[in-house]
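I opened this structure to look up a few local features. The entries below follow the order in which I looked.

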Amino acid sequence: MKKSLVAALIILLIGAFAWSQDLENAGIDYTTALQKKPGAERIAAFETYIKNYPDPVQNIFTKLAFYWLTVDNYNSKNYDKAIRNGEKAVKLGGMEAKLEAGVYLILGSSYGATGNKEQAVKWAEKAAEFSQKNGIGDIAKQAQALKNELSGAPKQPAKPLTSLEKIGQLYNQKKYDEAISMFNSFGQNDKNDEKIFEIYARCLMGAGKLEAAVKEFSDAYAKSRKGINAERLGNIYLAKSQKDKKFYVSAINYQIEAGLLYQKEKNLARQDALLKNAKYWLYEKYDYNAKIKKYNATVKPVKPVVSNDKEIKRLQYEYDKVERELARKYVDIEMPGYEQDKLDKIQEQISKLKTGSGQQSGEDSNSAAAQELMKEQQRIEAEFKTLSDQARKKLGL
């Protein structure tokens, strides 16, 4: 019986935590690679990442890894590698519109740098058309400028940068404090621009000004109940929770709200990701992921039970055979005791096998720990359901 319990627990843990392993490894490994120094260091990190997580169907971060390899190889002037990774990223798809437009532009410029004008023009045109269709003005301008340059058209005089382009440049250069100061100098129209505000908020996080970021995003969330605003708040509180676990509560609640709002917005990919994140961090709050890892490292394998059914069947056949032979032999006279002993001996063997057929050959010393883990998992799952119900009520869903 104990063996069955452990088997059930392991199956249950595999089912419940397959996603957490994916998040714990693929997600964190992706973030670690992304934080590497742009250039050769980050290229090496993402090339290793793709070797470790080669399936883009199972892991969305693999697609993003090809995007960053495209960007870093291009900036490092490794144009052939930029082309190879860029075309792979396009083939895989699934990128946000701005990232996709950026890859088209990089492909056009890379082909231009390698002297393949035909392919360069093709990708430049695609970048321009795609960007215009999706309202990505900055890339549309760059794509058109590249197309003009490739076709030999005279260069247009440089136009003054827009507020979005100015603050975007500072953010890309990681000059977060300068970008924050620039935002504060903008007029109200620019401050209300959603894209400008997004960059400003990212700069607050980049500069480590989490309290200011909480205030800004809380105000934005109060004005607009969107999944992206809830997700941002969840990320800020998650960053704060690395120093103090009490912030896990807010991080988890906002991630759940983000997932539910994404569901309302029909963004199923983000819905799934945020709800999985929320559940993962709820387990992390109680150190349950570490407990599972420790349990799986120490659990002793239990020897499988050997079935006696085949031998019982054979002995039963032998018993019936002997019984028939004796019945024919002693039709009109009483059967001697020694003949009955033959049947009794076979029946005794059958009884012993039947008694021992369901017994465990080994003892699982971890069964108590298994029981406790199962109970704690059920409690955490129940808490997650309660938090989700509370979030739905708060959001009126």
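**Entry 1: two loop residues.** I started with aspartate 287, which sits in the loop between helix H15 (268-285) and helix H16 (288-298). Helices here are DSSP runs of H or I with at least four residues, strands are E runs of at least two, and both are numbered from the N terminus. The model is a predicted one: local features need pLDDT of at least 70, side-chain atom pairs count only at pLDDT 80 or more, and totals for chains, interfaces and linings use all residues. Residues are numbered from 1 along each chain as its sequence is written, and side-chain values use heavy atoms, with hydrogens and water left out.

I noted that phi of aspartate 287 is near 60°, a positive value in a residue other than glycine. Its relative accessible area is 38%, so aspartate 287 is partly exposed. The scale is buried under 20%, exposed over 50% and partly exposed in between, with a 1.4 Å probe and protein chains only.

I then looked at lysine 174, which is in the loop between H8 and H9. Lysine 174 is not a glycine either, yet has a positive phi of about 60°. Lysine 174 counts as exposed because its relative accessibility is 52%.

**Entry 2: glutamate 165.** Is glutamate 165 buried or exposed? It counts as buried, at 19% relative accessibility. I found glutamate 165 in helix H8 (residues 163-172). Leaving out residues up to four places away in sequence, glutamate 165 touches Asp138, Lys141 and Pro160; contact means heavy atoms within 4.5 Å.

**Entry 3: aromatic rings.** Rings of Phe, Tyr and Trp (its six-membered ring) pair if their centres lie within 6.5 Å; planes under 30 degrees apart are stacked, over 60 edge-to-face, and the rest tilted. The ring centres of tyrosine 30 and phenylalanine 46 are 5.7 Å apart and the planes are at 50°, so I put this pair down as tilted. Tyrosine 30 is in helix H1 (residues 2-34) and phenylalanine 46 in helix H2 (residues 40-52), 16 residues apart.

Tyrosine 30 also forms a stacked pair with phenylalanine 61, at 5.0 Å centre to centre and 25° between the planes. Phenylalanine 61 lies in helix H3 (residues 60-75), so this pair ties together parts 31 residues apart in sequence. Tyrosine 30 is buried, with a relative accessible area of 9%, while phenylalanine 61, at 21%, counts as partly exposed. I recorded a cluster linked by ring pairs: Tyr30, Phe46, Tyr49, Tyr53 and Phe61.

**Entry 4: nonpolar cores.** Which residues of the largest nonpolar core touch the most other members? Among its 51 residues, they are Ile167, Phe183, Tyr200, Tyr221, Tyr237, Ile252 and Ile256. A nonpolar core is a set of buried Ala, Val, Leu, Ile, Met, Phe, Trp, Tyr and Cys residues joined through side-chain atoms within 4.5 Å. Helix H14 (residues 248-264) supplies the largest share of this core, nine residues. Not counting residues up to four places away in sequence, isoleucine 252 touches Ala278, Trp281, Leu282, Lys285 and Leu387. Apart from this core lies another, of 36 residues, with Tyr30, Met95, Ile106 and Tyr111 among them.
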